Amino acid sequence: MFRRVLQLGLGPGRLTRGLGTRRGSFTLDWEAQVLEVKKKLRSILPGEPLELHDTSHLPPEHSDVVIVGGGILGLSVAFWLKKLEKKRDAIRVLVVEQDHTYSKASTGLSVGGIWQQFSLPENIQLSLFSINFLRNINVCAEHLAVVDAPPVDLKFNPAGYLVLASEKDAASLENKVRVQRQEGAKICLMSAEQLQNKFPWINTEGVALASYGMEDEGWFDPWSLLHGLRRKVQSMGVLFCQGEVTRFITSSSHMETSSREEVILKRIHEVHVKMDNSLEYQPVECAVVINAAGAWSGQIAELAGIGNGPPGTLQGTKLPVEPRKRYVYLWHCPQGPGLEAPLVADTSGVYFRREGLGSNYLGGCSPTEEEEPDPANLEVDHDFFQKKVLPHLAQRVPAFETLKCLMHPQVHSAWAGYYDYNTFDQNGVVGPHPLVVNMYFATGFSGHGLQHAPGIGRAVAEMVLQGGFETINMSPFLFSRFYLGEKLQDYNIL
Amino acid sequence: MLKIIIPTIMLLPLTWWSKPSMLWINTTSYSFLISIITLFSLHNHNDATHNFSTLFFTDQLSTPLLILTSWLLPLMLIASQNHMSKETVVRKKLFISMLVTLQVSLIMTFSAAELMFFYILFEATLIPTLIIITRWGNQTERLNAGVYFLFYTLVGSLPLLVALMVKRNQLGSLNIMLLMFNSPPLNPSLTNQLMWLACMMAFMVKMPLYGLHLWLPKAHVEAPIAGSMVLAAILLKLGGYGMMRLTIILNPTSIDMAYPFILLSLWGMVMTSSICLRQTDLKSLIAYSSVSHMALVIAAIMIQTPWSFMGATALMMAHGLTSSLLFCLANTNYERIHSRTMLLARGLQSILPLMATWWLLASLTNLALPPSINFIGELYIIISSFSWSNFSIILTGINMLVTALYTLYMLIMTQRGSMSHHMKTLLPTFTRESTLMTLHLIPLILLTMNPKFIMGHLY
């Protein structure tokens with residue numbers, strides 16, 4: 001009735017249509033409308049399942065924290081958020097993962113190594129914390145133990161990580177080992193002869209110094225960690241949703257800094273999560289968004305408006321994380337190094353490790369900037385192995401020469417995975433963005449996100465819940481270093 | 001009474017024919033004017049009631065509640081402005097119409113002279129509240145909350161309808177003033193005990209009593225701010241008011257029948273206060289605190305002595321203002337952070353110091369700091385319950401302690417502590433929000449100076 005009053009108006013001369021018609025809302029299909037109403041009424045009656053609008057596949061309409069990305073970093077942040085909340089169910093967490101099969105996620109495709117041989121003390125501390133976490137992973141109520149579920153078997157091989165350095169790198173290697181020892185890692189330095197004694201299968205030509213981790217280094221199975229974490233996190237009450245984040249609804253406010261400069265601060269209010277293969281999306285109202293999207297973090301950051309601005313300013317600083325494709329090759333060599341082979345990082349950048357107990361080895365190499373493969377798909381380039389990896393491999397480990405001799409490659413299989421590569425300084429970004437105030441990052445670790453995941457998760461959870469880093473001080477990893485130009489230079493990244 | 005009811009009804013055409021830019025201004029200012037009119041009924045020589053007609057009357061019990069109701073409408077409108085700003089104009093007008101309809105039913109409820117009239121309007125308040133909760137609430141759980149709210153209250157009040165009809169047949173009239181003089185004693189027999197239960201259960205559910213309180217945390221948490229305010233401040237008091245009116249016709253059965261309910265409410269008071277200590281959701285904490293305060297009121301009304309009635313009315317008024325104030329404060333948090341979890345909203349004192357003042361004052365009144373009217377109400381009730389039974393002082397004493405504990409816990413969690421990074425750039429307090437808080441606090445402070453207005457009809 002009110003609408004008619006509004007439409008007809010009160011004054012004279014506004015009676016533009018008669019009283020009997022309505023604008024456009026009448027369809028002539030009376031029967032179908034009656035049937036629809038009847039169906040709706042029947043579904044409201046008790047005893048019938050409510051089929052009006054089934055939203056069980058959609059995420060909830062409200063969540064306190066939305067974690068974009070359900071890989072190892074996202075799950076680790078979810079785990080620590082739930083662990084550090086002081087009361088049960090205090091904080092509602094939603095993990096949005098684009099692909100529940102994790103077919104392209106970096107976690108599953110990772111080589112799975114863990115080592116402490118970094119040059120930044122924070123990285124070393126992160127690795128030490130992670131190995132401790134992984135060691136105690138099944139301790140009841142501590143880490144990933146879930147009632148009535150089988151324990152997590154990480155298949156940790158503590159074979160160590162061997163870094164080979166040539167003459168010119170020898171001095172810096174010594175310095176790095178000193179820092180590592182200060183932090184508590186157990187690394188031993190070996191000269192070329194000692195190396196030859198310990199690992200007779202290595203050709204020590206060109207090697208001046210080698211550092212080898214005596215403890216806490218090796219590799220493990222990233223899938224078991226991922227699934228163990230997923231199970232635990234679900235038991236702690238975190239909600240999962242399969243979907244893609246398509247939009248952030250933000251609000252801006254203009255503020256002035258103390259030096260009278262104007263800043264525009266943005267706050268994310270809602271996250272639009274779109275379902276697969278459909279146009280349906282759900283706006284999720286949230287207080288905090290955590291960007292743990294791995295290789296796709298750059299796109300998520302752009303959605304939030306990070307980097308929209310004149311270059312050189314804080315608004316214009318983009319998140320410099322982009323996907324980079326890396327190949328991993330698996331080959332068989334019965335005369336190879338054997339069971340004692342650690343994860344070896346050669347002076348040329350080629351790395352390999354033993355895989356399983358059947359004389360299989362896997363390894364690869366980071367291509368140089370010019371040879372970067374196209375990250376559009378995960379196709380493997382076998383020529384890369386022949387041209388770039390194999391010569392150095394064969395030179396370092398003479399037993400691998402046999403791989404060269406045959407007409408077709410002896411590579412059993414190969415796969416490719418993405419690094420969430422930080423083009424700025426190849427080290428991760430952790431912590432909030434200065435302008436988009438409720439977006440926190442946990443990404444950009446360029447290949448060592450997996451081994452640092454427990455530590456990073458705890459750091460981000462502390463930042464969200466307690467306002468600062470309490471245990472490991474990750475402030476060098478904040479976003480603002482991209483704007484200030486302070487690079488965190490670390491070791492030769494594998 | 002028509003001088004209040006007709007202007008309130010006329011607020012409806014005011015909302016629909018206002019220009020969209022003047023919508024909130026018009027409705028808020030006119031509802032303020034209406035609340036001034038209600039102040040006129042405060043003027044009472046001796047104990048006489050203001051008999052406006054055979055349908056409407058006010059006495060010292062209903063007048064403070066009436067004034068609170070009409071004072072609260074402009075406050076609800078001020079509080080809803082922000083979250084309604086994004087809706088279409090028609091939706092905003094619908095929302096305001098719901099509030100006004102609810103207001104009309106509430107005014108008529110509190111000034112009803114006849115119990116049947118009171119009952120009809122008591123039920124009529126359910127519909128606009130249900131619409132407000134389910135249509136404008138924030139989460140999907142609001143549907144569940146609405147269902148709980150509606151059906152708990154309806155099931156409780158259906159026996160009341162039957163009981164009132166029986167009584168009317170028995171007594172000839174249900175006019176409250178007549179009932180004071182011509183109600184025969186209700187001797188304790190099974191039928192009469194069932195009659196007592198039928199009369200009281202509706203109000204027990206509404207208050208709510210501890211065992212029947214499940215609807216309250218749901219409804220309060222899921223409702224929008226105006227819904228929470230009106231629920232906490234007024235609708236709970238409907239239960240208390242109804243119980244006070246009906247006790248006239250229910251003696252002496254009340255002497256025996258009241259026993260389990262007093263015990264339940266004394267125990268429930270301590271229980272719900274303890275639950276508050278474990279809450280992580282801010283609105284849920286305030287909702288449970290409401291249950292705890294109302295349990296004191298139920299115990300007082302069941303005891304039926306002059307002091308306890310005075311305490312009950314004082315506490316109802318004080319709690320109405322305080323609870324509504326706390327919900328408004330929680331809403332200012334929610335509008336900024338979009339989360340009700342207390343963990344994520346800490347250390348606000350450093351960035352919003354004026355709001356911290358309001359938080360402090362609200363917490364102080366909530367924990368019944370003397371000489372606020374909360375304290376007067378609680379003190380009277382505790383004294384009368386001590387005289388009813390010496391052992392009850394243990395429970396009421398524990399309750400005062402735990403109330404102070406959880407109120408301070410809420411204050412310190414939200415105001416003190418270190419801030420997270422995403423809190424440092426919250427929008428500063430709006431003048432509108434500060435106005436809202438002062439308009440809650442000024443009556444509280446003024447009444448502290450002169451509490452005889454809220455002491456009810458046995459003063």
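**Backbone, interface and buried positions**

Modeller: A:Tyr102 is buried, at a relative accessible area of 3%. This is a predicted model, so keep that in mind throughout.

Colleague: What is phi at A:Tyr102?

Modeller: Phi of A:Tyr102 is near 50°, which is a positive value in a residue other than glycine. Most residues other than glycine have a negative phi.

Colleague: And where does A:Tyr102 lie?

Modeller: A:Tyr102 lies in the loop between strand 2 (93-97) and strand 3 (113-114) of chain A.

Colleague: What about A:Asp216, buried or exposed?

Modeller: A:Asp216 is buried, because its relative accessible area is 10% and the cut-off for buried is under 20%. Its phi is positive as well, about 65°, although A:Asp216 is not a glycine. A:Asp216 lies in the loop between strand 6 (209-213) and strand 7 (218-219) of chain A.

Colleague: On to peptide bonds. Which residue is joined to B:Pro208 by a cis peptide bond?

Modeller: B:Met207, with omega at about -5°. B:Pro208 is in the loop between helix 9 (190-206) and helix 10 (215-222) of chain B. There is also a cis peptide bond between B:Asn251 and B:Pro252, where omega is about -10°.

Colleague: Where is B:Pro252 found?

Modeller: In the loop of chain B that runs between helix 11 (225-250) and helix 12 (253-277). For background, most peptide bonds are trans.

Colleague: Change of topic. How confident is the predictor about chain A, on average?

Modeller: The average pLDDT of chain A is 84, and 89% of the residues score at least 70. Over residues 8-21 of chain A, pLDDT stays under 50.

Colleague: How many contacts does the model have for residues 8-21, beyond four places in sequence?

Modeller: For that stretch of chain A the model has 10 such contacts.

Colleague: How many helices and strands are there in chain A?

Modeller: Chain A has 12 helices and 19 strands. Of its 494 residues, 52% are buried. Taking the contacts in chain A between residues at least 6 apart in sequence, 73% join residues at least 24 apart.

Colleague: How many salt bridges between chain A and chain B?

Modeller: Zero salt bridges. The count of residue pairs in polar contact between chain A and chain B is eight, with both residues at pLDDT 80 or more.

Colleague: Let's go inside chain B. Where is B:Ala233 found?

Modeller: B:Ala233 is in helix 11 of chain B, and at 0% relative accessibility B:Ala233 counts as buried.

Colleague: What is B:Ala233 in contact with, neighbours within four places aside?

Modeller: B:Leu68, B:Leu72, B:Gly320 and B:Ser324. B:Thr88, for its part, is 145 residues from B:Ala233 in sequence and 28 Å away in space, C-alpha to C-alpha.

Colleague: And B:Ile176, which helix?

Modeller: B:Ile176 lies in helix 8 (residues 176-182) of chain B. B:Ile176 is buried, with a relative accessible area of 3%. Leaving aside neighbours within four places in sequence, its contacts include B:Phe57, B:Leu115, B:Arg245 and B:Ile248. B:Ile176 and B:Ile249 are 73 residues apart in sequence and 9.6 Å apart in space, C-alpha to C-alpha.

Colleague: Last one: B:Ser105, buried or exposed?

Modeller: Buried, because the relative accessible area of B:Ser105 is 6%, with the cut-off at under 20%. B:Ser105 lies in helix 4 (residues 89-110) of chain B. Beyond four places in sequence, B:Ser105 is in contact with B:Leu121, B:Ala124 and B:Thr125.

Terms used
Residues numbered from 1 in each chain as written. Chains lettered and ligands numbered in written order. Predicted model: local features only at pLDDT ≥ 70, side-chain atom pairs only at ≥ 80, totals over all residues. Heavy atoms only, no water. pLDDT = per-residue confidence, 0-100. Contact = heavy atoms within 4.5 Å. Helix = DSSP H or I, 4+ residues; strand = E, 2+ residues; numbered from the N terminus. Buried < 20%, exposed > 50% of the residue type's maximum accessible area, 1.4 Å probe, protein only. Salt bridge = Lys/Arg side-chain N within 4 Å of Asp/Glu carboxyl O. Polar contact = N/O pair within 3.5 Å; in protein donor to acceptor, adjacent residues only side chain to side chain.
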